[in-house]
Amino acid sequence: MINRIRTRHRYRSMFYAAQAEKKILALWGGPKRQGNFLLIAFPKEISISGRFRGETLTVIERIKECILSGERKILLDFSMTKKIIASAMIAIYAELNNIKNVYPDVCFRCRKKTCNKIRQVLTQIGIYKMCGQKCFTKKPTRSDVVHWRVCMGVGVICEQIDKVISENEISRVSQVGDIYGGCIEATKNALRHAYPEQRMGIPVAHDVSGWWCFSQVKDNNLTVVVCDLGVSIPRTLPLNFPDVLAKLKSLGANTDADIIAGALKRPRSSSGESYRGNGLPKMMEVASVGGSLIIYSRRGTVNVFGSDIRAENYRNPLRGTIISWSLPLGGKE
Amino acid sequence: MKTISIAKDFSVYPGGRTPEDGPHSGREFREQLLIPIFDGNERVVINFDGVRGYGSSFLEEAFGGLVRCGIAKEKIWGQLDFCSSKDSIISEVKRYINEA
């Protein structure tokens with residue numbers, strides 16, 4: 001009975017999420033054009049948690065829909081944007097990069113009108129370069145921007161970690177090894193589990209780039225974010241660890257966030273390969289040494305601080321998985 | 001006593017479980033550096049310091065994999081010593097050997 005009510009509630013949530021998405025699209029009106037380019041505007045805050053999640057994810061879906069409908073010239077408008085959260089920006093970066101990998105004829109451009117800080121962020125992470133607009137790329141100077149770094153790849157991160165975590169940061173964070181260990185697991189999961197099948201809509205060229213990684217130093221905190229565009233943890237867990245999922249369901253885990261939170265606690269697998277499945281718990285080690293871990297996958301978000309695990313579900317699904325670690329930096333810059 | 005430093009003798013960037021995951025995998029480390037230890041009876045210290053960090057799959061495949069390769073746990077405990085500035089790495093490795 002309870003399960004039936006939960007299922008009904010879930011379908012109802014999905015229905016309302018779809019309605020909300022349609023409403024946002026309707027508010028924007030029809031597609032606006034500037035010359036040959038279709039204009040797509042980003043929200044005031046680019047974020048995948050809180051009130052701007054719906055708008056941010058809807059913009060990403062809108063870009064993909066336009067590409068699928070045959071549009072090849074897209075003008076990205078960041079003029080309204082005042083704040084960018086790294087975990088959301090990596091989702092946008094990954095989708096744009098993947099679209100360029102799958103459809104080399106697609107042409108992205110950015111509107112020139114943006115505030116100085118946003119322009120510096122877009123320059124620093126290479127969005128203008130991706131759009132072929134080197135004329136905008138004046139060297140960033142802001143202290144909260146110059147430490148944004150990006151890398152991407154296939155297979156485990158290994159040497160590429162040096163592109164996102166500098167020697168200086170390694171010397172200032174004694175537990176940086178836990179972030180490296182987490183990144184190894186996240187990038188390995190992207191290779192092994194994230195793409196068991198192609199997603200609907202725009203496929204992912206995961207043999208060209210299967211994961212994307214950002215790092216940022218802000219307010220004396222090092223944040224490292226790894227993103228994949230796979231089918232998400234709540235979808236891959238039943239495929240790779242069906243017995244683990246069955247165990248979680250028997251414990252009442254029905255939502256995406258419950259499933260992710262349950263997988264973090266590492267319920268023992270009874271399959272022949274019970275030595276596997278340590279990856280997600282390994283990612284939590286950062287949280288046990290004074291840092292934090294946030295996992296976003298499909299509708300679920302799980303925040304881990306110390307031994308405290310908070311699970312939250314959103315209406316709008318994220319098409320992929322984003323894992324974010326944060327650690328306080330010690331010592332001097 | 002002989003010492004194997006993972007950073008100096010293998011890689012500063014330990015990778016994933018198998019070579020399919022990418023370079024410097026746990027299986028490569030096991031096959032190149034650990035398995036030959038058990039051809040003799042010498043005690044060897046494995047030094048875990050000096051690397052960027054470890055994924056659980058590297059450690060599990062390298063050390064838990066020894067048991068799955070048919071090396072008796074008693075032989076592993078008898079010939080391997082572990083050295084690390086982080087106690088959590090040593091206890092993680094011991095857990096993988098015990099649970100394998």
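Student: Which pattern does chain B follow when read along the sequence?

Tutor: Taking helices (H or I, at least four residues) and strands (E, at least two) as DSSP runs numbered from the N terminus, chain B reads β-α-α-β-α-α-β-α along the sequence, with five helices and three strands. This is a predicted model, in which local features need pLDDT of at least 70 and side-chain atom pairs count only at pLDDT 80 or more, while totals for chains, interfaces and linings use all residues. Residues are numbered from 1 along each chain as its sequence is written, and chains are lettered from A and ligands numbered from 1 in the order in which they are written.

Student: Why does the radius of gyration of chain B agree with that of a compact globule?

Tutor: The radius of gyration is taken over C-alpha atoms, and the globule rule is 2.2 Å times the number of residues to the power 0.38. For 100 residues a compact globule would therefore come near 13 Å, and the 12 Å of chain B agrees with this. Along the principal axes, the C-alpha atoms of chain B fill a box of roughly 30 × 25 × 25 Å.

Student: How should I read the sheet in chain A, and what is its strand order?

Tutor: Strands of a sheet pair through backbone hydrogen bonds, either parallel or antiparallel. Here two strands pair if DSSP finds at least two bridges between them, and the open sheet of four strands in chain A has the order E1-E2-E4-E6, with mixed pairing. Its edge strands, each pairing on one side only, are E1 (32-34) and E6 (107-110) of chain A. Within chain A, strand E2 (residues 37-41) and strand E4 (residues 73-77) pair in the parallel sense over four bridges, and A:Leu38 stands opposite A:Ile74 in E4(A).

Student: Which helix packs on this sheet?

Tutor: Helix H2 (residues 53-68) of chain A does, touching E2 and E4 of chain A, where contact means that C-beta atoms, placed from the backbone, lie within 7 Å. The direction of H2(A) makes about 165° with that of E2(A); axes are lines fitted to C-alpha atoms, for helices over the stretch in contact, and angles run from 0 to 180 degrees between N-to-C directions.

Student: How many residues does each chain give to the contact between chain A and chain B?

Tutor: Chain A gives 17 residues and chain B gives 18 residues. On the side of chain A, the elements that give two or more residues are helix H8 (176-192) and helix H12 (279-283), and H8(A) supplies the largest share, eight residues.

Definitions and conventions:
Contact = placed C-beta atoms within 7 Å.
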